[in-house]
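Could you walk me through this model, from the overall fold down to the salt bridges? Here is the structure to keep open while you read.

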Amino acid sequence: FKPSSEITLLFVGTYRSDELGQSRFRQQLQNLQTRFPDTIQESKIDVGKLTVDQSRQLIAQAARFDLSKHTTVVDQVISESDRNPYLTVQLLESLTIDDDVVTFRNLQQVIDDKLERLPILADSLLKILTIFGRGMSIGDLAEASGMPAETTSTLMRMRSEHLIRWLGEDDEPSVDTYHDKIRENVFRDMSESSRREHHQTIAETIEKRAGGVTAASLDAITLNNESLRPRLFDLSTHFDGAGNCSHARYYGLLAAEQARSQLALEVAEEHYAIAGRHAEGCDTSCRYRISVGHADALVNLGRLDSVNKQLDLADRYASSNIERAEVQALRVSAELKRRPSQELPLICSQAVRALGTRVPRSDLGFSLGIIQEWLVSIFAGSRRKPGPDGIAAVNKDRQLALRLINRMGLYYGQRRILPFYWIALKARNLSRLCSDTRDAASACIRVGAGLNLWSLA
């Protein structure tokens, strides 16, 4: 392609706003704009749902015969198409007339007509795409169909029938249903057992192509195959849809923990819920991981009405003081989001003591504790900090104690200076053993705040 000053070319293409990165037209246009930045100009036209008048005008222009006397059929086309131009044209193409009687066929009948003109494999491919729920790579689709040699040729014919559309780059092509309404109609026409079977087929295909999972990893819920990591969310969703408890629990928990580590809390909550639905039969440590992680996601999302159930489950399955203290820390976080009460310091103190860390009970105790923490701070400052191995050995309980003490600091604030100042010093001393945590940073900030409050007092 070489632009010429003597002619003007007009490129017209369409793409969906939710698939901007996958549109082949957009990719080719951007390539041209990169090569000829001052030559290729772009103008966007947003196309939404047609008005009723626009739909009638399109029907009058696109119909193969005069429908001016068949107002009922026109209204049926407008209603069934939901005023979508593509669906309007597809419905018009299916109309037949005999002795001035027009026969209307709804969208499901139109889809059935198209499938009858295609190989039997087309029906299976369309159902797999429907259950997958979005664009699917041709490699995965071919493997899931069970007839990989015939998949590409069948897809080409399905594309010509406007049942599917091509997405992505030439080296990584994927396909999707031509319109969401096609997916909705196919899904509605499928039986519950057929949906479960296709979910299972999709999940097994993805798992197989990624290298599979060992029985030991399945039992321990640990990821032994890094090739599975990018597909955890798909595997969780489809094994859940298939009702495969052991695999849905495995992939649901791993997907939830990955999403939680990436702060994708909505996604994490969704997959913790999947793991929770299939938790029956797993051991207490697994159930604790599910419930405490689910509770943490709910607290951070602010869904406090749902969090108590998960906290009660986590409390039931907690098997150590550290785990019970972790549950208490989440209860405190939930209460802080609701409305801090006078019971919060007591809850935090009890949990911290259970971890083996002393918490004063009176103003005299806090005063003596301040002196002690100052001395510890001076002494610790003259010592060499423990190495990574030393930190790892004490990190779990100290980090949790630090987290709980910081929550106490959030409550006391400007309410009581002595407890707040003790918290600031204690948190700083604990942070020396947890120096890479966010709670350690909060502790250092609180020391400065405590010094300011002390000077104001």
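What follows is a short tour of the fold, the cores, the surface and the charged pairs.

First, the ground rules. This is a predicted model, in which local features need pLDDT of at least 70 and side-chain atom pairs count only at pLDDT 80 or more, while totals for chains, interfaces and linings use all residues. Residues are numbered from 1 along each chain as its sequence is written, and side-chain values use heavy atoms, with hydrogens and water left out.

**Overall picture**

The protein comes to 22 helices and five strands; helices (H or I, at least four residues) and strands (E, at least two) are DSSP runs, numbered from the N terminus. Of its 457 residues, 45% count as buried. Buried here means under 20% relative accessible area, exposed means over 50%, and partly exposed is in between (1.4 Å probe, protein chains only). The accessible surface is about 24800 Å², and carbon and sulfur atoms hold 49% of that; the areas come from the Shrake-Rupley method with a 1.4 Å probe, and for residues only the protein chains shown count as cover. As for contacts (heavy atoms within 4.5 Å), take those with a separation of 6 or more: 64% of them join residues 24 or more positions apart.

**Inside**

The largest nonpolar core has 54 residues, and Ile111, Leu141, Leu155, Met158, Ile164 and Val175 have the most contacts inside it. Another core lies apart from it, with 26 residues, among them Leu355, Val359, Tyr412 and Leu430. A nonpolar core is a set of buried Ala, Val, Leu, Ile, Met, Phe, Trp, Tyr and Cys residues joined through side-chain atoms within 4.5 Å. Back in the 54-residue core, Val175 touches, beyond its neighbours within four places in sequence, residues including Leu129, Met136, Ile138 and Trp166.

On cysteines, a search of the whole structure turns up zero disulfides (pairs of cysteine sulfur atoms within 2.5 Å). Cys348 is buried at 1% relative accessibility, whereas Cys245 is partly exposed at 40%.

Leu364, Leu368, Ile371, Trp374, Leu375 and Ile378 make a nonpolar surface patch of about 640 Å². Patches are made of residues with over 30% relative accessible area and no salt bridge, with like charges joined within 9 Å and nonpolar side chains (Val, Leu, Ile, Met, Phe, Trp, Tyr) within 5 Å. Leu364 sits in helix α19 (residues 363-381) and is exposed, at 60% relative accessible area.

**Charged pairs**

The whole structure has 25 salt bridges, each a side-chain nitrogen of Lys or Arg within 4 Å of a carboxyl oxygen of Asp or Glu. Three of them are below.

| Pair | N to O distance |
|---|---|
| Asp113 and Arg105 | 2.7 Å |
| Glu192 and Arg195 | 3.5 Å |
| Arg303 and Glu269 | 3.4 Å |

Arg303 lies in the loop between α15 (284-301) and α16 (304-317) and Glu269 in helix α14 (residues 265-277), so this pair ties together parts 34 residues apart in sequence. Arg303 is partly exposed at 30%, while Glu269 is buried at 16%.

Glu192 is partly exposed at 46%, but Arg195 is buried at 17%. In the remaining pair, Arg105 is partly exposed at 26%.

Finally, Arg134, Asp140, Arg209, Arg231 and Asp234 are linked in a network of salt bridges.
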